[in-house]
Amino acid sequence: RCKVTVVRPHEEITWCGGIRGLVYAEHHFFFDPSGDDVTVRSEETWSGPVASLLRLGIQRGAAKVGGQTLDALARAVS
């Protein structure tokens, strides 16, 4: 389950989830306006011993989900 922890309109949305001390993730979307465009920067951090053991699989899955999320966001605003 994920919980939204930061909402700063036009600046940032952050959510997190997992079990602290085991495997926990925070995902940030930062919105950087530039003229008529907005650049979205996505950052994700993982912590805990399970994250260390599963790092490669987590990175692949996170990249796929992050890409899908950014694609959906681009479609929603266009």
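In this predicted model, strands 1 and 2 make a hairpin, with three residues sitting between them. His10 is part of that turn, and its phi is positive, at about 70°. Strand 1 covers residues 2-8 and strand 2 covers residues 12-19; the pairing is antiparallel and runs over six bridges. Two of the residue pairs can be picked out here: Val4 has Trp15 of strand 2 as its bridge partner, while Lys3 is bridged to Cys16, also in strand 2.

Strand 3 takes in residues 23-34 and runs antiparallel to strand 2, with eight bridges joining the two. Across this pairing, Ile19 stands opposite Val23 of strand 3.

As for burial, strand 1 lies largely in the open, because zero of its seven residues are buried. Buried here means under 20% relative accessible area, and no residue of strand 1 counts as such.

How values were computed. Residues numbered from 1 in each chain as written. Predicted model: local features only at pLDDT ≥ 70, side-chain atom pairs only at ≥ 80, totals over all residues. Heavy atoms only, no water. Pairing = 2+ DSSP bridges. Helix = DSSP H or I, 4+ residues; strand = E, 2+ residues; numbered from the N terminus. Buried < 20%, exposed > 50% of the residue type's maximum accessible area, 1.4 Å probe, protein only.
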